[in-house]
Amino acid sequence: MEKELPKIDLPEEWVAGTDISRELLSLYTNYPVRLKCEMLVYCADGRVEASVNLNRLTVRPRNVVVLTPGSVFQVDSVEGDLRLYFVGFSSQYLSQATRPYSIADSIYLTLGTPVLAVQPGGATLLEEYMRMLVHLYEFLPEKGRALVSPNLYADIHTGLSLIFRANGMEHSAATKSEQLSRQFAHLVMQHYAEVRNVAWYAEQLGITHAHLCNTVKQVTGRTCVDIISSMVVMDAKSQLKSTRLSVQEISDSLHFANMSFFGKYFKRYVGMSPLEYRNTD
């Protein structure tokens with residue numbers, strides 16, 4: 001069993017569907033997971049409260065959610081009659097050298113948020129497009145799906161970008177401070193299990209400790225230590241609830257010096273010991 005956050009991936013190069021149900025999302029309520037794949041989700045009905053990379057967000061009708069590989073998310077609550085469309089690309093496809101990843105990356109960085117509101121006209125068009133993708137996925141055999149993957153990936157992201165621009169969804173470019181804060185968050189998601197020293201992250205980014213702390217605090221309202229500890233605690237909570245690993249194994253996976261130090265760290269942020277948390281409903 002993997003000694004890290006549970007991961008979600010897709011069995012084929014790409015998948016499209018409508019079967020993200022309330023019951024499915026309930027599996028991830030309060031249990032964070034990490035995406036290996038990329039997911040684009042369109043909400044036609046219902047409401048979902050969730051956290052993505054430690055940021056709280058609300059998904060409402062006419063919202064598009066862009067979840068990039070490596071994103072850590074958890075569901076907090078689901079309301080109403082949920083109706084979601086999704087299309088996703090597997091980590092296997094995304095790892096191919098020829099994939100046009102720059103398209104998705106540039107759109108994500110330009111828009112600067114995983115949740116995008118679409119105006120009514122664009123929402124109608126987007127829902128029709130997502131419905132067509134579901135029909136295409138169901139119609140094509142697996143080999144046929146693989147053949148259309150490269151063009152489909154490019155077309156989906158280009159089409160979404162055009163819809164957002166047509167509906168006034170263009171955003172100004174991120175400031176240097178915002179870019180730095182994102183770079184820090186990305187590094188934390190990659191290395192929080194091994195490194196909790198803020199100075200190390202500053203060194204990787206080529207800036208001073210003080211500059212990193214001041215910038216992140218200004219942009220996010222949170223300290224660097226708070227962001228790192230939130231990731232560590234999120235991972236620990238997930239392992240305690242969704243795996244059968246012992247507390248010692250979880251402590252080792254997060255590179256604590258010993259189980260006693262891990263227990264004190266966890267209790268400082270959660271208010272109870274790891275075992276007490278595991279045994280709560």
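On provenance, the model is predicted, so local features need pLDDT of at least 70 and side-chain atom pairs count only at pLDDT 80 or more, while totals for chains, interfaces and linings use all residues. Residues are numbered from 1 along each chain as its sequence is written, and side-chain values use heavy atoms, with hydrogens and water left out.

I begin with the protein as a whole. Its secondary structure comprises twelve helices and eight strands; helices (H or I, at least four residues) and strands (E, at least two) are DSSP runs numbered from the N terminus. Of the 281 residues, 47% count as buried, where buried means under 20% relative accessible area, exposed means over 50%, and partly exposed lies in between, with a 1.4 Å probe and protein chains only. Among contacts with a separation of 6 or more, 76% join residues 24 or more positions apart, a contact being heavy atoms within 4.5 Å.

I turn next to helix packing. Two packed helices are described by the angle between their axes and the distance between the axes. Here the axes are lines fitted to C-alpha atoms, for helices over the stretch in contact, and angles run from 0 to 180 degrees between N-to-C directions. Angles under 35 degrees count as roughly parallel, over 145 as roughly antiparallel, 65 to 115 as roughly perpendicular, and the rest as oblique.

How do the axes of H7 and H8 cross? For helix H7 (residues 198-205) and helix H8 (residues 209-220), the crossing is at roughly 95 degrees, and the axes come within 8 Å. H7 and H8 are therefore roughly perpendicular to each other. On the H7 side, Val198, Ala199, Tyr201, Ala202 and Leu205 take part, meeting His209, Leu212 and Cys213 in H8. By class, this contact has seven nonpolar, one polar and no charged residues. In this scheme Ala, Val, Leu, Ile, Met, Phe, Trp, Tyr, Cys and Pro are nonpolar, Asp, Glu, Lys and Arg are charged, and the others, Gly among them, are polar.

The second pair is helix H9 (residues 224-242) with helix H11 (residues 259-270), whose axes come within 10 Å and cross at roughly 105 degrees. That makes H9 roughly perpendicular to H11. From H9, Val225, Ser229, Val232, Val233, Ala236, Lys237 and Leu240 meet Phe262, Tyr265, Phe266, Tyr269 and Val270 of H11. The residues of the contact divide into ten nonpolar, one polar and one charged.

Is Val232 buried or exposed? Val232 is buried, because its relative accessible area is 1%. Not counting residues up to four places away in sequence, Val232 touches Tyr192, Arg196, Leu254, Phe256 and Tyr265. Between Val232 and Leu254, 22 residues apart in sequence, the C-alpha to C-alpha distance is 7.4 Å.

I now move to the second largest pocket, which has a volume of about 500 Å³. On a 1 Å grid over the protein atoms alone, a cavity is a set of points where a 1.4 Å probe fits but cannot get out, whereas a pocket is an open set with protein on both sides within 12 Å along at least five of seven lines; lining residues have an atom within 4 Å of a point. Grid points are joined across faces, edges and corners, and a volume is the space filled by probe spheres set on the points.

Which residues lie nearest the centre of this pocket? They are Ile20, Leu25, Met39, Val41 and Phe73, out of 22 lining residues. Helix H1 (22-26) and strands S4 (38-52), S5 (55-59), S6 (63-67) and S7 (72-89) each supply at least two residues of the lining. S4 gives the most, with five residues. By class, the lining has 20 nonpolar, no polar and two charged residues.

Finally, I consider backbone angles. Most residues other than glycine have a negative phi. Arg62, in the loop between S5 and S6, has a positive phi near 70 degrees. His255, in the loop between helix H10 (247-253) and H11, has a positive phi of about 60 degrees. Arg62 is partly exposed, with a relative accessible area of 39%; His255 is also partly exposed, at 47%.
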